[in-house]
Amino acid sequence: IKIIIASRELDWYGDNDKNTLKKYLNLEPKLYHILPVDYKDLDNELLEKFAELYKIEDKNKFYSKFKNKGFLSTPQLFKIAAELENEHVENKIDLYEKFIKKAISEDNIFHKEIYPKLSDNEQEYVIKTLLEILNG
């Protein structure tokens, strides 16, 4: 079994989470800590690595579409842009809104088990609230 857990350190409860995984999986989980990358913007080498990772077919088109808008400045933004590669996106708020809508409506077994399906009104509320948080 291969499990990848992406989490901010603040969301991780250390031994409690490790023990829960151990009990649930019936094996000793391996924990890896990823150190932050020191960058202002992703350099060309990192852009190429992320483009390979997310299987970006036309890199030049992707870069010209998203880089000037600041959407490729962090790994998180790059991933969001990669998932919305074929969407028309005006600005970061538009990018976030489209990503949030996609994330809440995706067909994911984990989401089905943990979260009930949100109604349209609930989805709009979640989107509005998240956008307000992102706007400060």
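**Where H3 meets H4**

Guide: In this contact, Phe-62, Tyr-63 and Phe-66 of helix H3 meet Phe-78, Ala-81 and Ala-82 of helix H4. Sorted by type, the residues of the contact are 6 nonpolar, no polar and no charged. Please keep in mind that this is a predicted model.

The protein chain has 7 helices and 0 strands, so its elements, read from the N terminus, run α-α-α-α-α-α-α. The chain counts 136 residues, of which 21% are buried. Among its contacts with a separation of 6 or more, 28% are between residues 24 or more positions apart.

Now the geometry. Two packed helices are described by the angle between their axes and the distance between the axes. H3 covers residues 59-66 and H4 covers residues 75-83. The angle between them is about 115°, and their axes are 11 Å apart. That makes H3 roughly perpendicular to H4, because angles of 65 to 115 degrees count as such. The crossing of H3 and H4 is right-handed.

Next, the rings. A search of the whole structure finds 7 aromatic pairs. A pair of aromatic rings is described by the distance of the centres and the angle of the planes. One of the pairs is formed by Phe-50 and Tyr-54, with 6.4 Å from centre to centre and 10° between the planes, and this pair is stacked. Phe-50 counts as buried because its relative accessibility is 16%, under the limit of 20%. Tyr-54, at 28% relative accessibility, counts as partly exposed.

Another pair, Phe-62 with Phe-66, belongs to the H3 side of the contact. The centres of these two rings are 5.0 Å apart and the planes stand at 55°, so the pair is tilted. Both residues lie in helix H3, where 4 residues, about one turn of the helix, separate Phe-62 from Phe-66. Phe-62 has a relative accessible area of 2% and is therefore buried. Phe-66, at 1% relative accessibility, counts as buried too.

The rings named so far belong to one aromatic cluster, made up of Phe-50, Tyr-54, Phe-62, Tyr-63, Phe-66, Phe-71 and Phe-78. Among these, Phe-62, Tyr-63 and Phe-66 are on the H3 side of the helix contact, and Phe-78 is on the H4 side.

Phe-66 deserves a separate look. Leaving out residues up to four places away in sequence, Phe-66 touches Phe-71, Leu-72, Ala-81, Leu-84, Glu-85, Val-89 and Leu-95. One of these, Ala-81, is also part of the H4 side described above. Another, Glu-85, is 19 residues from Phe-66 in sequence, and the C-alpha atoms of the two are 8.8 Å apart in space.

Val-89 leads on to one more residue. Asp-94 has its place in helix H5, which covers residues 92-105. At 17% relative accessibility, Asp-94 counts as buried, because the limit is 20%.

To put the part together: H3 and H4 cross at about 115°, through residues that are nonpolar.

Conventions. Residues are numbered from 1 along each chain as its sequence is written. This is a predicted model: local features need pLDDT of at least 70, side-chain atom pairs count only at pLDDT 80 or more; totals for chains, interfaces and linings use all residues. Side-chain values use heavy atoms; hydrogens and water are left out. Axes are lines fitted to C-alpha atoms, for helices over the stretch in contact, and angles run from 0 to 180 degrees between N-to-C directions. Helices (H or I, at least four residues) and strands (E, at least two) are DSSP runs, numbered from the N terminus. Angles under 35 degrees count as roughly parallel, over 145 as roughly antiparallel, 65 to 115 as roughly perpendicular and the rest as oblique. A crossing is left-handed if the near helix is turned anticlockwise from the far one by less than a right angle, and right-handed if clockwise. Contact means heavy atoms within 4.5 Å. Ala, Val, Leu, Ile, Met, Phe, Trp, Tyr, Cys and Pro count as nonpolar, Asp, Glu, Lys and Arg as charged, and the others, Gly among them, as polar. Rings of Phe, Tyr and Trp (its six-membered ring) pair if their centres lie within 6.5 Å; planes under 30 degrees apart count as stacked, over 60 as edge-to-face and the rest as tilted. Buried means under 20% relative accessible area, exposed over 50%, partly exposed in between (1.4 Å probe, protein chains only).
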